[in-house]
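Student: I have a protein model open and would like to learn how to read it. Could we go through it together?

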Amino acid sequence: MSAPSAAVIAHTRRVCSLYKKSLRNLESWYDRRHIFRYQAVLMRERFDKNKNEKDPAKISKLVADGERELFETQHFQPKKFPMSPGGVAFEREVIPPDWVLDYWHPLEKAQFPEYFARREKRKEEYVVWWEKQYGKASGADSSHHH
């Protein structure tokens, strides 16, 4: 059996994406779980009814009609997962850059001696790699050093 063509894979992904977006849209419209599940079963039945269609023109029209229907029935305020783009907590956790650790007080660093010893070793290795890759800094660049 030969591998499926790129067009078949693209079509499959498009249909799966349409199905998932349709379910998410239903989830936004129906806040009661049992009502949502009922509507989801009806939606699945509509997809399953056409899953064995072979005519490419009809398949293309079905998908386009489904995408149009989804657009026309989309919720005015769709549910978003908190950590997803558009969610209430998206990008809230600010991860501090590595250089912040260079400004820790020595007493703070003393609480994690193995970590900071390894970190200093890695910083030295990085400087060696940098100088090997790009050359040593010239005297004109010395104004950037502490």
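Tutor: Gladly! Let us begin with a term: buried means under 20% relative accessible area, exposed over 50%, and partly exposed in between, using a 1.4 Å probe and protein chains only. Keep in mind that this is a predicted model, where local features need pLDDT of at least 70, side-chain atom pairs count only at pLDDT 80 or more, and totals for chains, interfaces and linings use all residues. Residues are numbered from 1 along each chain as its sequence is written, and side-chain values use heavy atoms, with hydrogens and water left out.

Student: Is Glu67 buried, exposed or partly exposed, and what is its relative accessible area?

Tutor: Glu67 has a relative accessible area of 31%, so it is partly exposed.

Student: How do I read a helix, and how many residues does α3 have?

Tutor: Helices are DSSP runs (H or I, at least four residues), numbered from the N terminus. The expected span of a helix is 1.5 Å times one less than its number of residues. Helix α3 covers residues 56-72, which is 17 residues. From first C-alpha to last, α3 reaches 24 Å, close to the 24 Å expected.

Student: Which residues of α3 are buried?

Tutor: They are Ile59, Val63, Gly66 and Leu70. These lie on the same side of α3 because they cover an arc of only 60° around the axis, the arc being that of the directions from the helix axis to the C-beta atoms. Ala57, Lys61, Phe71 and Glu72 are exposed on the other side of α3. Helix α1 (6-29) is among what covers the buried residues of α3, judged by contact, meaning heavy atoms within 4.5 Å.

Student: What is a salt bridge, and how many are there by this rule?

Tutor: A salt bridge is a side-chain nitrogen of Lys or Arg within 4 Å of a carboxyl oxygen of Asp or Glu. By this rule the count comes to 15.

Student: With which residue does Arg14 form a salt bridge?

Tutor: Its partner is Glu67, and the closest N and O atoms are 2.8 Å apart. This pair links distant parts of the chain, with Arg14 in helix α1 and Glu67 in helix α3, 53 residues apart. Arg14 counts as partly exposed because its relative accessibility is 37%.

Student: Where do Lys61 and Asp65 lie?

Tutor: Both are in helix α3, four residues apart, about one turn of the helix.

Note on methods: Helices (H or I, at least four residues) and strands (E, at least two) are DSSP runs, numbered from the N terminus.
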